[in-house]
There are 2 protein chains.
Amino acid sequence: MWSLKPLSLELLSPVPSDIDIASAQTPKDINVLAQEIGLGSEEYDCYGKQKAKVHLSVVDRMQNQRDGHYVLVTGITPTPLGEGKSTTSVGLCQALGAHLGRNVFACLRQPSQGPTFGIKGGAAGGGYSQVIPMVDFNLHLTGDMHAITAANNLLAAQIDTRIFHEKTQSDEALYNRLVPSKQGVRKFCPIQLKRLKKLGITKTRPEELTADERAVFARLDIDPESITFNRVIDTSDRCLRKITIGQGTSEKGFTRQTQVDITPSSEVMAVLSLATSLDDLKERLGRIVIGSNLKGEPVTADDLGCTGSMAVLLKDAVHPTIMQTLEGTPVFVHCGPFANIAHGCSSIISDRIALKLVGPDGFVVTEAGFGADLGMEKFFNIKCRYSGLTPNAVVIVATIRALKCHGGGPTVALGAPLPDEYTRENLDLVRKGFANLKKHIENTGKFGIPAIVALNRFKWDTDSELDLVQKLCMENGAAAAVICNHWALGGKGAVDLAKAVIRAAESPNHSFHFLYPLEIPIEKKLVIVAREIYGADGIDLSEKARRKIETYTRQGFDKLPLCVSKTQLSLSHDPTLKGAPTGFVLPIRDIQASVGAGFLYPLCGDISTMTGLNTRPAIYDIDLDTETGRVIGLF
Amino acid sequence: MWSLKPLSLELLSPVPSDIDIASAQTPKDINVLAQEIGLGSEEYDCYGKQKAKVHLSVVDRMQNQRDGHYVLVTGITPTPLGEGKSTTSVGLCQALGAHLGRNVFACLRQPSQGPTFGIKGGAAGGGYSQVIPMVDFNLHLTGDMHAITAANNLLAAQIDTRIFHEKTQSDEALYNRLVPSKQGVRKFCPIQLKRLKKLGITKTRPEELTADERAVFARLDIDPESITFNRVIDTSDRCLRKITIGQGTSEKGFTRQTQVDITPSSEVMAVLSLATSLDDLKERLGRIVIGSNLKGEPVTADDLGCTGSMAVLLKDAVHPTIMQTLEGTPVFVHCGPFANIAHGCSSIISDRIALKLVGPDGFVVTEAGFGADLGMEKFFNIKCRYSGLTPNAVVIVATIRALKCHGGGPTVALGAPLPDEYTRENLDLVRKGFANLKKHIENTGKFGIPAIVALNRFKWDTDSELDLVQKLCMENGAAAAVICNHWALGGKGAVDLAKAVIRAAESPNHSFHFLYPLEIPIEKKLVIVAREIYGADGIDLSEKARRKIETYTRQGFDKLPLCVSKTQLSLSHDPTLKGAPTGFVLPIRDIQASVGAGFLYPLCGDISTMTGLNTRPAIYDIDLDTETGRVIGLF
C-alpha cells in the first residue's frame with residue numbers, strides 16, 4: 001500500500017467555477033507524490049513543481065509485480081453537452097484513493113489546444129473532480145502534443161520535398177546525392193540498408209548497384225494523388241481544411257491540393273498511444289504508409305528515411321506525464337487520439353506503468369472517447385489487443401438528461417437553455433430512452449466484462465427518475481447502477497460507485513474476449529461490429545470502399561483491427577436516430593488505413609479532421625494577469 | 001563570488017565529433033548549478049535533470065544589485081561555413097568561469113528545428129566549447145519554440161476565421177455573437193472595452209451602442225490583400241512558401257494566397273525576445289499589426305481579441321532556460337529570432353536576469369546573428385534601446401579563412417573541399433581581406449565600444465598569418481586581437497581572449513551611444529545605417545518603399561528603429577562583393593513593419609522566410625538507440 005496523503009477538499013455550495021475550485025487547491029509538490037507512490041528519483045523528470053514525466057523503465061523494474069485491476073470508463077451515447085466521463089473518471093479515483101484507501105491511478109487523454117481556445121471548456125474534469133493544475137492540463141502540458149506535431153510535419157515535409165527533388169533530378173544525380181561520397185567513402189546508412197532489403201537488393205556497397213537498382217532505390221515515385229498523410233497543427237484553423245501547396249516560384253510548378261488536420265487526428269498520435277515500448281514505437285513509425293507509388297505499392301516513413309528522426313522527436317513524449325486530482329491521487333495524462341478516425345484512448349504505456357505502480361490490489365481507471373459503441377469497442381478490439389492487458393470492469397456513465405434525449409426529448413445544444421422536459425420529472429422519456437443504455441450494457445457483456453452504470457446526478461433529477469434507471473439497469477444485466485455526485489462532492493460523491501467497481505472488478509466471474517478474430521476478412525469484421533455493437537442489419541459498401549478492401553487485402557493489411565469512424569451522437573451512422581435504432585444498414589463511404597498505428601478506419605459519412613473557431617471563441621476571455629502570473633477565463 | 005565547481009575536461013586529440021564530446025561529459029544536476037549561482041528553489045522550475053526555467057522574479061529580488069559587465073560576441077562578414085561565434089561565446093565563458101574564476105553567463109539563441117534536420121549541424125557550439133546536453137539544446141528544449149508557434153498560429157487562425165465570419169453575417173448578428181447575452185446579461189470583456197476606447201466610443205454597456213457604433217465595433221473589415229501576418233511552423237517545408245487556403249467547401253469560396261514561414265521569422269519570436277517584462281510582452285503582443293482594414297488603418301492583435309490568449313500561451317516561454325557549458329558554467333538559452341527580417345539576438349529577459357546573477361564583477365556574454373553589420377548594429381540600435389542595458393565590450397570573431405575569402409580567395413561552400421588558398425600560407429590574401437574586419441572594428445567604435453578581435457585558429461593557419469592580422473587589428477583601432485583555440489582546448493584555449501575582454505570591459509574609457517535618434521525620419525535613419533555601417537554612398541528607395549514610408553509615417557510608426565534585412569555574406573546588399581565594398585547604393589525594395597516587436601524592416605532583395613530540405617537531409621542519419629535511449633547522428 002502506498003503512503004499517500006490525500007488533499008482535503010473544502011466543499012462549497014453552490015459549486016464554484018472549475019477554475020476557481022482548481023485555483024483554490026494547492027497541489028502537492030510532484031516529488032512528494034512521486035515518493036508516495038514508490039517512484040525512485042531516477043524514474044521521473046520534473047517539469048516544474050506540479051508535473052513530471054515518468055520513465056518507461058518502471059515497467060522493467062516491476063516486471064514481477066502483478067498488475068492491478070483495470071477499469072474502463074465509457075459512456076452512453078452522449079448529447080452535445082457531454083455526460084461527464086472525465087469528471088467521473090477523476091471522481092472515481094478520488095473515491096478509491098482518498099476515501100477507500102486503495103492505490104489508484106487515473107489515465108486520461110491530453111486535450112487539444114484547438115477546442116480549448118474555441119468552445120469554452122477544458123477537459124480536466126469538472127466541479128470537485130478535477131485534475132490540477134488545470135491550466136497546465138489544458139495547455140502545453142509537457143510538450144507531447146507539440147512533439148507529435150513536429151514529428152508528423154517532418155514526415156509531411158519530407159514527402160513533398162522528395163517529390164520535388166525526384167521531379168528535378170536524374171536517377172544518377174538523385175542516387176549520388178542520397179549516397180554521397182565523404183572523403184572518398186560512400187556508405188548506405190542503416191535506414192537505406194532497410195530499404196534495400198525491402199527491395200530485395202542484397203548488395204550493401206553503393207558502388208555495386210546496377211543503374212536499374214540505383215533507380216529503383218532512389219526513386220520513390222510517390223503518386224501525389226495517393227497521399228493520405230497530411231500536415232497537422234494543434235490550433236483550430238478551418239481555413240486549412242483544404243489548401244494548395246507548392247505555389248512558390250522555387251517549387252517550379254509542383255503544386256498539390258492537400259489539407260491540414262488538427263494534431264489529435266495525426267496517425268503519429270495514434271502510433272504513440274498504441275506503442276508498447278520504444279522499439280515498438282519506432283517499428284510503428286517506420287510502417288506508416290503515406291500513400292502509394294505509381295505502381296500502387298505502399299510508400300512508408302521508412303522509405304523516406306524519416307523513422308529515426310521522428311523517434312528522436314518523440315523520445316520525451318513517450319514518457320507519460322504525472323499530475324494529481326483535487327484530492328491528491330495520481331493521474332497520468334498521455335496522448336489524445338481522436339475517437340472517430342482513431343481509437344480515442346490514452347496511451348498503452350501510461351496504463352502499463354500505472355498497473356504496475358498500483359499493485360495487485362490497486363486500480364487503474366482509464367477512459368475512452370465518445371459513447372461505448374465507439375470508445376469501448378475500440379478500447380477492447382484495438383487497444384487491449386495491442387497491449388495484451390485484460391480489463392476487469394467497465395463503468396458506463398449516463399445522465400437522466402441523455403436518457404430523456406434518447407427517449408424523444410427535444411434537442412439540446414451548447415449555450416442554449418435546457419427545455420422543460422429536462423428540468424421536470426418525466427419518467428416516460430427516461431423509460432423510453434433507456435433503450436440506448438441497455439444496448440451499451442449488452443455490448444459490454446459481449447466482451448465478457450461486467451458493466452457498472454454511473455448515473456451522474458444533476459440538480460433537476462428526481463428520485464423517482466433515478467430509481468427507475470437503477471431498476472432498469474439491474475433488470476438488464478448491469479453489475480450495478482449507482483447514483484454519483486462527485487461533481488458537487490468530490491470523491492465522497494463517488495464512494496458508492498467505487499465500492500461497486502471494486503466488487504465487480506474483484507469478482508472472478510468473467511473472462512475477457514475480443515469481438516472478432518483478426519484473421520477473418522475485412523468485410524466480415526465490419527459486419528460483426530455493425531450488427532453486434534450498433535444494431536445494424538448489415539453494411540452497405542460503396543464502390544470505393546470495395547476497391548479499398550481489395551487493395552488492403554492485396555497489400556496484406558487485411559489482418560488489422562477496424563476503427564470505425566462514425567457520429568458519436570447515435571448508435572447508428574445517423575446523428576438524428578436516438579435510443580437504440582434498428583432496421584438500418586451502415587453505409588461505408590470509404591476505408592482508410594493507419595498502418596503504423598495498426599488499424600483500418602472505415603468512414604461512415606464525412607468526418608471533419610479540423611475544428612473551427614466560432615465568432616466569439618474563448619480567445620476573448622482568456623487572459624494573463626501580469627501581476628500574479630495567473631490565467632483568467634480558461635475553463 | 002559564486003561557489004561554482006567547474007567540470008573538468010578530458011581533452012582528446014584529434015578532437016572527436018561534437019556529439020561524442022557532448023556525450024562523454026556528465027552535466028551537473030541543474031539543481032546543483034542553480035544553487036551554485038545563488039538561485040532560490042522557488043526561482044526556477046526543473047525540466048528534467050539538466051534544464052530549468054528561471055523566473056523573471058530574480059530581477060525584482062536583485063533590483064539593488066549592480067549589473068555585471070555586458071559583452072557582445074559578433075563576427076566578421078562570414079563565409080557560408082560560419083566562423084564560430086557560438087563556439088567563441090561558449091569558449092569565452094568557459095575561460096572566464098572555469099579558468100579565471102569570474103561569475104559568467106552565456107546568453108545564447110535557441111536554434112530552429114528546421115535546419116537541425118536539414119543541413120547537418122547544431123548550434124550548441126562545437127569541439128570542446130559546447131552547451132550540454134546538446135540534444136536538448138537542438139531539439140524541443142523547454143518548449144518555447146512550440147509555444148511561439150502556437151501563439152502565432154492562434155492569431156493567424158483568428159484573422160482568417162474573422163474574415164469568414166464577417167463575410168457571412170450581418171452587422172447585428174455579428175454584434176450579437178460578439179457580445180452575447182448570458183442569463184440575460186450582456187457585457188463587454190476587457191479586450192472589447194479596449195477596442196471601444198480605441199474607436200473613441202465611451203459607452204460601456206452593450207445595449208447603449210447605436211447601430212453605426214455596433215457595426216464599427218463588430219466589423220474589422222480586414223483587407224485580405226493587406227495581411228502580412230503569416231502562419232509559422234518550426235520545420236523546413238519549402239512547399240509552404242506560397243499556398244492557397246480556404247478551399248474547403250465549408251469556407252464558401254473565401255480563398256486567399258498566403259505563406260507559411262519558419263518560426264524564428266515570426267513576429268511573436270521578436271516580441272518575446274524584446275519584451276522586458278510580462279506586462280511589456282502583453283503590450284507588444286497587442287500592438288502586432290496583422291494588416292489593414294479597407295480604409296488603410298492598421299488592424300492589431302488587440303482588435304482580434306487575441307492578446308490575452310497569446311500571452312497565456314507564452315506564460316512559460318517568457319522564462320529563459322538555464323543549461324551549462326562543457327565546463328559547468330551557466331548558460332541561458334532564450335529566443336532565436338532571424339537576423340535578417342528580425343534583430344537576431346537572444347532575449348532581453350535572459351540578459352537582464354544574467355546581469356543581476358553575475359553581479360558587478362561578473363560577465364554576461366551575449367551574441368547576435370550574422371556579421372557585425374547586421375547582428376551588432378541591431379543589438380545596439382534595437383535591443384539595447386529597448387532594454388536600456390549598456391554594453392561594455394564587443395568581441396569580433398574572425399578567421400584566417402574568412403579574411404582570405406574577403407581578400408579575393410576562391411568561393412568556399414559547405415561540403416566541398418577547401419581550395420589550396422585556404423590551406424597554405426597566403427599573406428597577401430589575408431592583408432587584402434583585412435579590409436572587411438577593419439570596417440567592423442571601425443563600426444564598433446561608432447557606438448563608443450571597444451572591439452576585441454578573437455581569431456579562431458584553424459590547423460592550416462600559419463603564425464605569420466596570425467601575427468599579421470594581430471598587427472593590423474592593433475594598428476586599426478582594436479582594443480586587442482587574440483588568437484583562440486577553445487574549439488580544441490575548451491576554456492583553456494580562450495584564456496587570453498578572456499583576459500583581453502576583462503581589460504576592455506573594465507576600462508572606463510568608453511561611453512555607449514546609439515547611431516541615430518528615433519525622432520528623425522525613416523529615410524534619414526536608413527541613410528545613416530547604409531553609409532556608416534555598410535559603407536554605401538546612399539540608398540535607392542523603390543516606389544513601393546517610398547509609399548510604405550508615407551504610410552508608416554502617417555500611422556505614427558516612423559519613430560521605430562530600423563532592422564535592415566539584407567544578405568549576411570557581404571557588407572553590401574550584394575553577396576558577391578567581398579571585403580569592404582564602396583561606391584554602391586543600397587537598393588530598398590520594400591519596407592515592412594513589426595510594430596509589436598517594435599521595428600521597421602527595410603528589405604534589400606529577396607529574403608526567404610522558409611528553409612527547405614535538401615535531397616539527403618540529416619533526417620537520414622538521426623536515429624534513436626532504443627536500447628539506451630541515446631540520440632545518434634545529430635551534430
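These exercises work through a predicted model.

**Exercise 1. The build of chain A**

Describe the overall form of chain A, and decide what its radius of gyration says.

Solution. 
- Start with the secondary structure. Chain A has 23 helices and 26 strands.
- Next, take the extent. Along the principal axes, the C-alpha atoms of chain A fill a box of roughly 80 × 55 × 50 Å.
- Now test the radius of gyration. A compact globule with 635 residues would have a value near 26 Å. Chain A has 25 Å, which agrees.
- Turn to burial. In chain A, 64% of the 635 residues count as buried.
- Look at the contacts with a separation of 6 or more. In chain A, 75% of them join residues 24 or more positions apart.
- Finish with the surface. Chain A exposes about 21800 Å², and carbon and sulfur atoms supply 50% of that area.

**Exercise 2. Helix H11**

Find out how helix H11 of chain A sits in the structure: which of its residues are buried?

Solution. 
- Locate the helix. H11 of chain A covers residues 267–274.
- Go through the residues. A:Glu267, A:Val268, A:Met269, A:Ala270, A:Val271, A:Leu272, A:Ser273 and A:Leu274 are buried.
- Draw the conclusion. Because 8 of the 8 residues are buried, H11 is largely enclosed by the rest of the structure.
- Check the start of the helix. There, a side-chain oxygen of A:Ser266 comes to within 2.9 Å of the backbone nitrogen of A:Val268.

**Exercise 3. The setting of A:Gln324**

Solution. 
- Find the strand. A:Gln324 lies in S15 of chain A, residues 321–325.
- Apply the cut-off. Buried means under 20% relative accessible area. A:Gln324 has 0%, so it counts as buried.
- The A:Gln324 side chain reaches the backbone oxygen of A:Lys28 at 2.9 Å.
- List contacts beyond four places in sequence. Among them are A:Leu7, A:Pro27, A:Leu33, A:Ile132 and A:Val331.

**Exercise 4. Cysteines and disulfides**

How many disulfides are there over all chains? Look into two cysteines.

Solution. 
- Recall the bond. A disulfide joins the sulfur atoms of two cysteines covalently.
- Set the limit. The two sulfur atoms must be within 2.5 Å.
- Count. The total over all chains is 0 disulfides.
- Take A:Cys405. The nearest cysteine sulfur, that of A:Cys473, is 17 Å away. A:Cys405 is buried, at 6% relative accessible area.
- Take B:Cys335. Its closest cysteine sulfur, in B:Cys345, is 11 Å away, too far for a bond. B:Cys335 is buried, with a relative accessible area of 2%.

Methods
Residues numbered from 1 in each chain as written. Chains lettered and ligands numbered in written order. Predicted model: local features only at pLDDT ≥ 70, side-chain atom pairs only at ≥ 80, totals over all residues. Heavy atoms only, no water. Buried < 20%, exposed > 50% of the residue type's maximum accessible area, 1.4 Å probe, protein only. Helix = DSSP H or I, 4+ residues; strand = E, 2+ residues; numbered from the N terminus. Polar contact = N/O pair within 3.5 Å; in protein donor to acceptor, adjacent residues only side chain to side chain. Contact = heavy atoms within 4.5 Å. Rg over C-alpha atoms; globule rule 2.2 N^0.38 Å. Areas by Shrake-Rupley, 256 points an atom, 1.4 Å probe, with all protein chains shown as cover.
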